[in-house]
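Morning, everyone. I have one structure to walk you through today. Please have the sequence and the model open.

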Amino acid sequence: MSKTTNNNGSNNKNNDSSDSDSPLHYLMWFRRDLRIHDNTALAALCERANEDNASVSAIFFLTPEQWQQHDTSLVQVDHIARTLPILAKDLKSQLNITLTVQLCPSFSDCIESLTSLCKDNDISCVMANHEYEGNEIDRDEALSEQLAKDDIEFVRWHDQCNLPPLSITTNDGDSMYKVFTPFYKKWRHTLDVSTIQMHDAPAVDCDDKIELKSSKNSAYTADDIKALSEEMLGDYQKTLQKEDSLQHIDIKAQLTAARDAYPAGESAACQRLDEFVADDINDYDVSRDVPHLHATSQLSAYLTIGTISPRLCYLQASKVQEKLHGNDGDNEDIDRWISELAWRDFYRHVLIDKPNLIRHKAYKEDTDTKVSWSYDEEDFQAWCTGKTGVPLVDAAMRCLNATGFMHNRLRMVTAMFLTKDLLIDWRLGERYFMQQLIDGDFASNNGGWQWSASTGTDSAPYFRIMNPFSQGSTHDKKAIFIKTWLPELKDIPASTLHSEDKMRKALAKGGKFADIDYPVPMVEHKSARKLAIAEFKKE
Ligand code: FAD
């Protein structure tokens, strides 16, 4: 894996142990990589520490201002908070490293806090894995310069993707692919299972265990980390509860559902991967589009905060493929799942290639001026609350609001409904998803929204607009998913739920289900589709 360093990787004067008798001290800065196994920066730092007989400490900053800025959902912050004490225990017992968790109310505090930490604790080398979003890149650059002034090395490693961003380029030059399929072919060709390396950190030999001298808003033991994280979570919850647009969410119920569905920690994530590749992956290609089957891996929440590495996912799937089908064996189910991991890489590579995406600009820039997006507050609220009168859309939105998760097929259906049937700016939907999703991830979310809105790379052609009723009849034939989330529709036959005309008749005054408390479809799909196409066709 490639790295970025502020002094070209040469050992600085602090690392020359002959200069002084005091032991060297290095720092691992955890961000979206809350795991021990196959953590590129952690492995590199521990190896280097053992060569230099240095001790290693670790830090994680709780950054509520940053979460607010990125619209990070409460369920994701809770997932991070639940993961930290487990990480602290694992680091201590397996690698001899103490994790300090420190509250940094303002994002820019991180630079100051980290610089002071290094100075106060004689730290001469900091390692971290790259983050690819806007102010994270700026923060790292500023910190890198700041640390270099004090002769402190700051090394960042590419770790979030199977292949480092911008390493997959077109054959005729060095441009980034604009569509997925050729990217995927090259990605697959480049990723050689026999050479892919897992970066597992060795335990740190140095006995000099150091508790970082730090500010009062810090915690070191798993129990203290739990208490500090919970306190911060409570404050963040209060901040979100003040948002008018989120009043319809039962936050406590959403937290309970997410905690049940996503036990925290690296072992839980690895167990989920093991179970998935042992069983569900063999049926993935067929079942992945049926929401009520829960036939996908549901690993995204773990990949997003880094409790599992994408390389481990790829390797495990490839091993199953090799075992079942030999070296040249093809298996549509496993291939399909691996291609989903490649989509995740693809959107990260695209993000680095087009930094404007971070500022929520459309990938196809002309659509920002051409399409007259709507900002109708009532329409948007109907979508957010699951009251559009379109059963599959409403069931999906209510599932998201109740659990913090939505199935991939339904993300496409709801996103297309918002951007094409209601012609609402995709940026509003993108933000709302981030506020709710436990797996909210800028690159994948932005990519998925721009795909659905036909403004992005490789996006759905503007004239191919999903009909949310026929999507229901294809992917939720018996309306099992719809009726789970919209129990008020339990007596309506699936054939009616999947037909706009029949629904309008059934719910109209005098209709068979007129007394049910459920709205008639808020737009007529056929005419909305025509309007959307006309918008995109405009010169
Ligand atoms: P699986 O089907 O088991 O796939 C395995 C892994 O591959 C996933 O965990 C995920 O990391 C990756 N993956 C799968 N599909 C995609 C995809 N289309 N794009 C990128 N990566 C993919 N995914 C997120 O992780 N975070 C988001 O915020 C997010 N927002 C989305 C918004 C929209 C509008 C759309 C259409 C898709 C979005 N996705 C997002 C992609 C996808 O919906 C989820 O990754 C998937 O539903 C997670 O479920 P899973 O882990 O069971 O996936």
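**Starting from one glycine**

Let's begin at Gly447. Setting aside neighbours within four places in sequence, Gly447 is in contact with Tyr347, Val350 and Gly456. One caution before we go on: this is a predicted model.

Where does Gly447 sit? It is in helix α19. Is Gly447 buried or exposed? Count the C-beta atoms around it: 25 others lie within 10 Å. The cut-off for buried is 20 or more, so Gly447 counts as buried. Now look along the chain to Lys478. Gly447 and Lys478 are 31 residues apart in sequence, and their C-alpha atoms are separated by 31 Å.

Next, the ligand. How many residues surround the ligand? The number is 28. The closest are Thr296, Ser297, Ser300, Asn445 and Gly448. Which helix gives the largest share of this shell? That is α19, with six residues. Helices α11 (300-305), α13 (332-353), α17 (408-421) and α19 (442-452) each supply at least two residues.

Now helix α18, residues 426-436. Nine of its 11 residues are buried, so α18 is largely enclosed by the rest of the structure. Among the buried ones are Trp426, Leu428, Tyr432 and Phe433. Arg427 and Glu430 are on that list too. What do the buried residues of α18 pack against? They pack against α15 (377-385), α16, α17 and α19.

Two packed helices are described by the angle between their axes and the distance between the axes. Helix α16 spans residues 391-403, and it packs with helix α8, residues 251-261. The angle is about 85 degrees, and the axes are 6 Å apart. That makes α8 roughly perpendicular to α16. Which residues make the contact? From α8, they are Ala253, Gln254, Ala257, Ala258 and Ala261. From α16, they are Asn401, Ala402 and Thr403. By class, the contact has five nonpolar residues, three polar and no charged ones.

Last stop: the annotation. An unreviewed UniProt entry gives "domain: Photolyase/cryptochrome alpha/beta" for residues 24-162. What is that stretch made of? Over residues 24-162, the chain is 50% helix and 22% strand.

To recap: Gly447 is buried, and its helix, α19, gives the ligand shell its largest share. Thanks, everyone.

How values were computed
Residues numbered from 1 in each chain as written. Predicted model: local features only at pLDDT ≥ 70, side-chain atom pairs only at ≥ 80, totals over all residues. Near = placed C-beta within 6 Å. Helix = DSSP H or I, 4+ residues; strand = E, 2+ residues; numbered from the N terminus. UniProt positions renumbered as here; feature names shortened; annotations may be inferred. Axes fitted to C-alpha atoms, helices over the stretch in contact; angles between N-to-C directions. Parallel < 35°, antiparallel > 145°, perpendicular 65-115°, else oblique. Contact = placed C-beta atoms within 7 Å. Nonpolar A, V, L, I, M, F, W, Y, C, P; charged D, E, K, R; others polar. Buried ≥ 20, exposed ≤ 12 C-beta atoms within 10 Å, placed from the backbone.
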